[in-house]
Amino acid sequence: MQLHAKKRVEIIVEASCAPTILEMIEATGATGYTVLHEVSGKGHRGLRAESNLTDVFSNVQIIVIAAEAIAHEIVSRSQPLLQNYAGIVTMSNVDVVRDDHF
Amino acid sequence: MFASDARSRLTPWFFVAIIAYRYSLHERTALMAELLQIAAGNLLSPIVMFFVLGVAAGYVRSDLTIPEPISKALSLYLMLAIGFKGGVALSASGITSMVVLALTVAIVLSLLMPVIAFSILRVVTSLDTKNAAAIAAHYGSVSIVTFVAATSFLDYRQVHYEGLLVAMLAVMETPAIITGLLLARRSADASSGEQEPIISAQVLRQVFLCGSVVLLAGSFIIGWTTGDKGMQLMAPLVKEPFQAVLAIFLLDMGLMVGRRLSDFGRVGIQLALFGLYMPLIGAAVGMAAAWAIGLSVGGITLVGVLAASASYIVVPAAMRLSLPQANPAIYVTLSLAVTFPFNLVIGIPLYHAVARLIGPA
């Protein structure tokens with residue numbers, strides 16, 4: 001089967017900052033994204049898990065698959081937005097089946 | 001230094017004077033015994049004991065958890081019930097000049113309290129402006145759960161309170177955020193010339209359309225519109241199970257507090273102490289205001305509780321967006337793990353005891 005090379009950008013960010021990041025992603029012209037809620041773990045900002053009362057200590061994971069140019073745009077635009085927030089940004093190579101979807 | 005010291009000293013002394021005056025009219029020993037009994041009764045109430053169980057279990061890292069959707073549902077239930085009951089109570093008493101006066105007092109308290117908290121923090125701690133302002137905003141706003149626990153304390157003792165208190169609760173939530181942001185901005189302006197709006201559209205939306213605020217205000221309006229007839233219909237849900245649901249919710253709060261106890265290191269002793277005496281200052285100011293406008297003993301108690309409590313739902317979310325440089329581990333730990341337990345265990349019976357001394361017979 002014919003596969004097409006794309007970039008997969010993954011951003012783990014605190015929940016309260018997520019709307020800003022998603023707005024930015026749409027502005028870059030990416031065709032879509034996936035959000036996983038209630039992502040927990042430990043890092044620079046200590047344990048980040050609980051979410052029963054406040055979003056302040058909870059994380060979400062945002063996944064975007066896009067053409068290389070857009071993926072780079074998302075990564076570079078994410079940096080100023082994440083200045084004061086917990087955030088992990090990674091980019092990796094993936095192959096997709098439906099080229100025109102991304 | 002002297003200015004803000006004097007400010008924080010004056011209010012409690014004003015209070016002591018009133019108490020001393022009223023106190024001399026009472027039989028001292030009998031009253032003291034009764035107050036001690038109330039305090040002990042509060043400690044041994046299921047609500048406080050479930051909270052303590054939660055703190056202990058959370059602290060020793062037990063795997064006891066209340067699933068997130070259930071916890072959310074419990075908190076929605078509490079908002080709905082307290083809003084509805086307040087609305088029904090207000091429909092019985094009607095809109096009077098007292099309502100307008102009380103709401104004005106509530107807004108002024110919420111706007112003013114952060115200024116007091118901020119001045120104290122700047123004097124006694126080495127916190128920077130942003131962190132001090134963020135904490136100050138929390139102390140001007142209110143804790144809905146502390147208020148709910150206080151109404152349950154009063155209901156249990158069959159002490160009446162005005163329905164308009166719930167309206168005061170609703171309006172006190174947000175003004176403090178604006179004061180907090182203004183305090184934070186004072187220093188920011190000096191360094192950078194850029195002018196951003198004090199409060200962004202995103203924050204405004206978050207604050208006013210926050211689920212708990214919408215449900216509380218909405219249930220209040222529904223209760224107010226439907227009155228006693230509505231209460232007949234809703235009573236099986238909003239009255240009977242209320243205490244038990246509150247106990248389960250406080251178990252969950254206890255678990256969160258217990259898990260946060262390890263963050264104490266970041267708070268430090270000076271700040272932890274602030275989390276204990278700031279509610280006393282707040283309560284003194286609030287109760288003086290409630291007494292001045294002529295609220296009942298139950299009303300004075302609850303205004304004391306409102307002014308003493310610190311937010312940990314709406315304000316942290318707003319501060320995280322508006323003042324991202326301030327450390328959430330400090331402000332959430334302080335309001336959730338220091339001030340909330342203090343008010344729940346010691347504050348509520350204490351404020352009630354003072355209210356009985358100064359309030360109308």
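Predicted model: local features only at pLDDT ≥ 70, side-chain atom pairs only at ≥ 80, totals over all residues.

User: How many helices and strands does chain A have?

Analyst: Chain A has two helices and six strands. From the N terminus on, they run β-α-β-β-β-β-α-β. The C-alpha trace of chain A spans about 45 × 25 × 20 Å along its principal axes.

User: What makes E73(A) and R77(A) a salt bridge?

Analyst: The rule asks for a side-chain nitrogen of Lys or Arg within 4 Å of a carboxyl oxygen of Asp or Glu. E73(A) and R77(A) come to 2.7 Å, N to O, so the pair is a salt bridge by that rule. Side chains of opposite charge can pair when their charged atoms come close. Here the two residues are four apart in helix α2 (residues 68-81) of chain A, which means about one helical turn separates them.

User: Why are E73(A) and R77(A) called partly exposed?

Analyst: Buried means under 20% relative accessible area and exposed means over 50% (1.4 Å probe, protein chains only), with partly exposed in between. E73(A) has 32% and R77(A) has 34%, so both fall in the in-between range.

User: What other salt bridges are there in chain A, and how do you know D99(A) and K6(A) form one?

Analyst: The closest N and O atoms of D99(A) and K6(A) are 3.0 Å apart, and that is within the limit. D99(A) lies in the segment after β6 (87-96) and K6(A) in strand β1 (residues 4-14), so the pair ties together parts of chain A that are 93 residues apart in sequence. D99(A) is partly exposed at 35%, whereas K6(A) counts as buried at 11%. E10(A) and R8(A) also form a salt bridge, with their closest N and O atoms 3.0 Å apart. The count over all chains comes to five.

User: How many residues of chain A are in contact with chain B?

Analyst: Taking contact as heavy atoms within 4.5 Å, 17 residues of chain A touch 23 residues of chain B. The buried area is about 1700 Å², with carbon and sulfur atoms giving 55% of it; that is the accessible area (1.4 Å probe) the two parts lose on being put together, summed over both. One salt bridge crosses this interface: E14(A) pairs with R320(B), with the closest N and O atoms 2.7 Å apart. On the side of chain A that touches chain B, α1 (18-27) and β4 (46-48) each supply at least two residues.

User: What makes F51(B) and F340(B) an aromatic pair, and is it stacked or edge-to-face?

Analyst: Rings of Phe, Tyr and Trp (its six-membered ring) pair if their centres lie within 6.5 Å; planes under 30 degrees apart count as stacked, over 60 as edge-to-face and the rest as tilted. The search of the whole structure finds five such pairs over all chains. One of them is F51(B) with F340(B), at 5.4 Å centre to centre and 75° between the planes, so the pair passes the distance rule and is edge-to-face. The pair links helix α3 (residues 46-59) with helix α17 (residues 328-358) of chain B, 289 residues apart. F51(B) is buried at 3%, and F340(B) at 2%.

User: How do you know that Y139(B) and F274(B) are edge-to-face?

Analyst: Y139(B) and F274(B) have 75° between their planes, with 5.2 Å from centre to centre, so the angle is over 60 and the distance within 6.5 Å. Y139(B) sits in helix α6 (residues 129-140) and F274(B) in helix α14 (residues 269-292) of chain B, 135 residues apart. Y139(B) counts as buried at 2%, and F274(B) at 0%.

Conventions
Residues numbered from 1 in each chain as written. Chains lettered and ligands numbered in written order. Heavy atoms only, no water.
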